[in-house]
Amino acid sequence: MSDTEHDTTDAAGDMDAPPVDIHGCPVSDSRGQVVVHPDRDRYVDVVKALADEGYAMCVDLTAVDYLEYVNRPLPPGVAPERFEVVANLLDITNRRRIRLRVQVPADDAVVPTLFDVHPGTEAMEREVYDMFGIEFSGHPDPSRILMPEDWIGHPLRKDYEVGQIPVQFKGANS
Amino acid sequence: MISSIRDEGAQEMRARSELTARELMREVGAVLRMSEAEAAKLGDMPEDPDEDQTMIINMGPQHPSTHGVLRLMLELQGETVLRCKPIIGYLHTGMEKTGEQLTFMQGGTNVTRMDYLSPLNNELVFSMATEQLLGIDGDIPERAVWMRMLLSELNRMSSHLLFMATNGMDLGAVSMMIYGWREREEVLRFFQKVTGLRMNHNFIRPGGVAADLPPGWRDDVLRLLDLIPERLDEYDVLMTGQPIWRERLQGVGVITPGEALALGATGPILRSTGVAWDLRRDLPYLHYDQVDFDVIVGSYGDAFDRYAIRLNEIRESMKIVRQILDVMPMGDYRIQNKKVTPPPRARIDESMEALIHHFKIFTEGFKVPEGEVYVGIESPRGEVGCYIASDGSPTPYRMHVRAPSFVNVQCLPHMMRGGLVADAVAVISSVDPVLGEVDR
């Protein structure tokens, strides 16, 4: 791992240990992958700072609805909320990845857009809005992308029912 | 007026007069290099056309050159494309929601249907993410790893061969369509022999692969490797050197490295701009660090570069396949971990426990420890990633697939801007989107 370039407050100098915080945000290690947990207010600033460090590409942006899974492992100092916006950044110069998980409360599901830092998140943020109902403030085109415009509800929320069509088996006695 | 005949409202392209500066900035692609004030100035440039001189038309969703159900709204002035907005979602079937209902055992059947032209790569990334969550990613038997590499390289060949076919067809080389499909069919015939299916294999599964290679597989692969290079040389004669082909592609749909990086484009689109980024080499997975191959890079970022990159990637894949044939070890093809591996068929007949075990694994699935993980690999279209969050149950709490085509389609407005409407077809074709994966 080449995480040693981050400002780390870890004075132990242990090269293998992940840094304790990155740009003042708690860091956790998930199966060897570095995860940063910024809060909503600092989210864009952290992404900007990471972009300056070389994470020039936002490969993926998605969200998770943790309605039914509240007690998930989170580093100390991070309060669980219903939604999480997950952004995966890629540094193609130093060949490393980093992931950001931002807690988003259900009653105020608004996150600042990453569009100004990484324009490629435009479609992904629209998809998250469409599927989870999380709004991205400052997004240039806040509309649904996969579902029809007049669709009611946000399908990937956990309280959204799965539609089912009963399967009919031919020749079965009913 | 355009606004009165709209049927889907905000998703569609707005008339020029209704646009805000920020929206225009996004649509014309100036967003990457200009401030909002500069873009606003751009909005009332003298050469900015009057709205009654331009026309907004739909290309697709039922259009033979849009590779499925991609719909583009184009604002045209004469033959020139001023703006373009891709509208997607016509093939959306909620596969990520479905993925939350299926166990990790069944999940392969779901993800394999996303990018239906490279199903094995999708299965591979899903399996790798599951294995990382299980903590068994280092214990996969060698033969399984090399088999996965063999299949995913052959899949890259079949996918690029299909690109050759559709690209040729879109640009008027109709005979190329037949040739491309013909060669792809040869590869699919091998897949059918190995996996039982031509597409949507569900062959690469968490823990290894579903079955061992059939007898005679080596001869089949060697026959493929003998056959396809000649055919690729024929493609060179038919297309690469032809002045008409070059005229249609060179300088069309140009994208710069900065734009490609900012838009998150990966795969041949990024490499066509000169950025040598290939996950197989740069963040190696499986045993790609043990084989020798070149990363093909273009220099102009145009449609011809993207064509040439794919053509030569077929050759590189064949190079890798040859090396895999040399080192393919004997041994187990799936991990012998009772937790994730069903017992062999023969044991079921003689052991009650094996039968119960088999039944439980296929009905309940196996429990995957809590955690979340993102794995990205190089599919023929770019980085296909899988983000899985598990709550410790046998089904993923959230399964997200980062589809390369979904992101790459965002490049279309930037590539088409200022081009001719006839070139729009060439540009769509060179991005090579698979709509099953765009809409999921």
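Modeller: H8(B) and H13(B) cross in the left-handed sense; a crossing is left-handed if the near helix is turned anticlockwise from the far one by less than a right angle, and right-handed if clockwise. The model is predicted: local features need pLDDT of at least 70, side-chain atom pairs count only at pLDDT 80 or more, and totals for chains, interfaces and linings use all residues. Residues are numbered from 1 along each chain as its sequence is written, while chains are lettered from A and ligands numbered from 1 in the order in which they are written.

Helix H8 of chain B covers residues 217–240, and helix H13 of chain B covers residues 303–327. Helices (H or I, at least four residues) and strands (E, at least two) are DSSP runs, numbered from the N terminus. The axes of H8(B) and H13(B) come within 11 Å and cross at roughly 160°. Axes are lines fitted to C-alpha atoms, for helices over the stretch in contact, and angles run from 0 to 180 degrees between N-to-C directions. H8(B) is therefore roughly antiparallel to H13(B) (under 35 degrees is roughly parallel, over 145 roughly antiparallel, 65 to 115 roughly perpendicular, the rest oblique).

Which residues touch? From H8(B), they include B:Leu225, B:Ile228 and B:Leu232. From H13(B), they include B:Ile314, B:Met318 and B:Val321. Contact means C-beta atoms, placed from the backbone, within 7 Å. This contact has eleven nonpolar, no polar and three charged residues. Ala, Val, Leu, Ile, Met, Phe, Trp, Tyr, Cys and Pro count as nonpolar, Asp, Glu, Lys and Arg as charged, and the others, Gly among them, as polar.

Now a second pair in chain B. Helix H6 (residues 142–170) packs on helix H7 (residues 174–195) at an angle of about 165°, with axes 7 Å apart. So H6(B) is roughly antiparallel to H7(B). Their crossing is left-handed. B:Leu161 and B:Ala165 are among the contributors from H6(B), and B:Trp181 and B:Arg184 among those from H7(B). By class, the contact divides into 14 nonpolar, three polar and two charged residues.

Last, the contact between the chains. Chain A brings 35 residues and chain B brings 44. On the chain A side, strand E4 (57–65), strand E5 (83–91) and helix H2 (121–132) each give two or more residues. E4(A) gives the most, with six. That side has 19 nonpolar, seven polar and nine charged residues.

Terms used
Contact = placed C-beta atoms within 7 Å.
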